[in-house]
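Trainee: I have a model open and would like to go through it with you. Could we take it one question at a time?

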Amino acid sequence: MTSPGMGGGVPDALETDAGALAPPAGERRSGHLRSIPWWIVFLLGFLYFFIPLLGTFTFSMRSQPLFSAYAVVTDDPQFSASLFYSFLIGILTIVVSTVLIVPTAYWVRLRLPRLRPYIEFVTLLPFVVPPIILVFGLLRTYSGGPLPLAGTDLGSNILLVAAYTVLSLPYMYRAVDTGLRAIDVRSLTEASQSLGAGWLTILWRVIFPNVRVSILSGAFLTLAIVVGEYTIATFLARPAFGPYIALIGGNRAYEPAAVSLISFGLTWIAMGLLALIGRQSREKIQIAGAH
């Protein structure tokens with residue numbers, strides 16, 4: 001039978017242990033003080049991002065009646081056609097750059113680590129070579145000869161996807177390389193080979209699922225670049241969204257601001273859908289692996 005003294009001592013001991021584990025009030029206060037600079041940085045970044053959007057929205061609302069600029073834009077069939085075209089080109093660019101970069105970064109990290117500085121230098125060239133130089137080189141090379149791609153709509157679309165793939169190299173390669181650096185590529189490859197998997201199976205069922213988040217990060221930046229790009233699409237005479245914004249900006253006053261905000265919102269919605277698709281496919285793979 002438990003005595004009252006023993007019964008009353010256990011809660012006291014637990015309270016004493018909990019009090020000993022809890023941080024002192026001074027440490028809690030200093031922790032809150034250390035977090036203040038980070039909140040200030042976050043607030044400044046949010047204002048730097050939000051104030052231009054607010055100013056753009058305020059300017060677009062000057063048209064009378066209210067929201068008439070948005071009504072004019074959404075009623076224009078060229079708006080939806082150019083936006084759909086840019087999103088389609090962006091998705092194709094993401095697919096091509098993923099198929100090109102993931103196997104390259106995987107093979108460099110697995111078997112050719114000495115080539116990594118050269119590959120990184122090549123992926124940085126889009127920062128050095130302006131888009132105007134890139135598109136003139138494409139037009140000069142593919143306007144004639146054995147591959148006259150610039151003379152047809154299909155060929156011009158191929159050149160546009162190729163040019164955007166080049167522009168996406170700095171973002172896609174570094175995102176994928178960071179994802180590969182976070183996993184043990186060699187151990188995963190050796191384990192897959194010991195189970196009889198070939199190289200294509202390893203890439204598709206082992207490497208791609210493990211770098212999916214990194215691919216999505218690069219895809220977000222690629223989609224944003226493609227939707228707003230102007231120079232290459234203009235010189236290739238493609239009905240993209242960037243030239244449409246420039247065209248409407250030269251003829252209207254308030255509609256360009258409305259177009260910019262609508263495209264901004266749609267781009268973020270598309271990015272959210274990409275993230276949702278990647279998350280759902282990842283959950284399916286985890287469920288399948290559990291079974």
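Trainee: Of the contacts in the protein chain with a separation of 6 or more, what percentage do residues 24 or more positions apart account for?
Mentor: Good place to begin! This is a predicted model, where local features need pLDDT of at least 70 and side-chain atom pairs count only at pLDDT 80 or more, while totals for chains, interfaces and linings use all residues. Residues are numbered from 1 along each chain as its sequence is written, and side-chain values use heavy atoms, with hydrogens and water left out. Taking contact as heavy atoms within 4.5 Å, the share of those contacts from residues 24 or more positions apart is 79%.

Trainee: How many helices and strands does the protein chain have?
Mentor: Helices (H or I, at least four residues) and strands (E, at least two) are DSSP runs, numbered from the N terminus. Read along the sequence, the pattern is α-α-α-α-α-α-α-α-α-α-α-α-α. The tally is zero strands and 13 helices.

Trainee: What percentage of the residues count as buried?
Mentor: Buried means under 20% relative accessible area, exposed means over 50%, and partly exposed lies in between, with a 1.4 Å probe and protein chains only. For the surface, the protein chain exposes about 18,100 Å², and carbon and sulfur atoms supply 70% of that area. Of the 291 residues, the buried share is 32%.

Trainee: Is Glu255 buried or exposed?
Mentor: Glu255 is in helix H13. Beyond four places in sequence, Glu255 touches Ala69, Val72, Val73 and Ile248. Because its relative accessible area is 11%, Glu255 is classed as buried.

Trainee: At roughly what angle do the axes of H6 and H7 cross?
Mentor: Two packed helices are described by the angle between their axes and the distance between the axes. Axes here are lines fitted to C-alpha atoms, for helices over the stretch in contact, and angles run from 0 to 180 degrees between N-to-C directions. The axes of H6 (residues 131–142) and H7 (residues 153–181) come within 11 Å, and they cross at roughly 145 degrees.

Trainee: How many nonpolar residues are in the contact of H6 with H7?
Mentor: On the H6 side are Leu134, Leu138 and Tyr142, which meet Leu159, Ala163, Val166 and Leu167 in H7. Ala, Val, Leu, Ile, Met, Phe, Trp, Tyr, Cys and Pro count as nonpolar, Asp, Glu, Lys and Arg as charged, and the others, Gly among them, as polar. This contact has no polar and no charged residues, and the nonpolar number is seven.

Trainee: Is Ser156 buried or exposed?
Mentor: Ser156 is placed in helix H7. Leaving aside neighbours within four places in sequence, Ser156 is in contact with Leu149, Ala150, Leu236 and Arg238. With a relative accessibility of 3%, Ser156 is therefore buried.

Trainee: How far apart are the C-alpha atoms of Thr189 and Leu110?
Mentor: Thr189 is in helix H8 (residues 185–194) and is buried at 3% relative accessibility. Its contacts, apart from neighbours within four places in sequence, are Tyr106, Leu110, Trp199 and Ile202. Thr189 and Leu110 are 79 residues apart along the chain, and their C-alpha separation is 8.8 Å.

Trainee: What is phi of Ala237 near?
Mentor: Most residues other than glycine have a negative phi. Ala237 is in the loop between helix H11 (231–235) and H12, and it counts as exposed at 57% relative accessibility. The phi of Ala237 is positive, near 55 degrees.

How values were computed
Accessible areas come from the Shrake-Rupley method with a 1.4 Å probe; for residues, only the protein chains shown count as cover.
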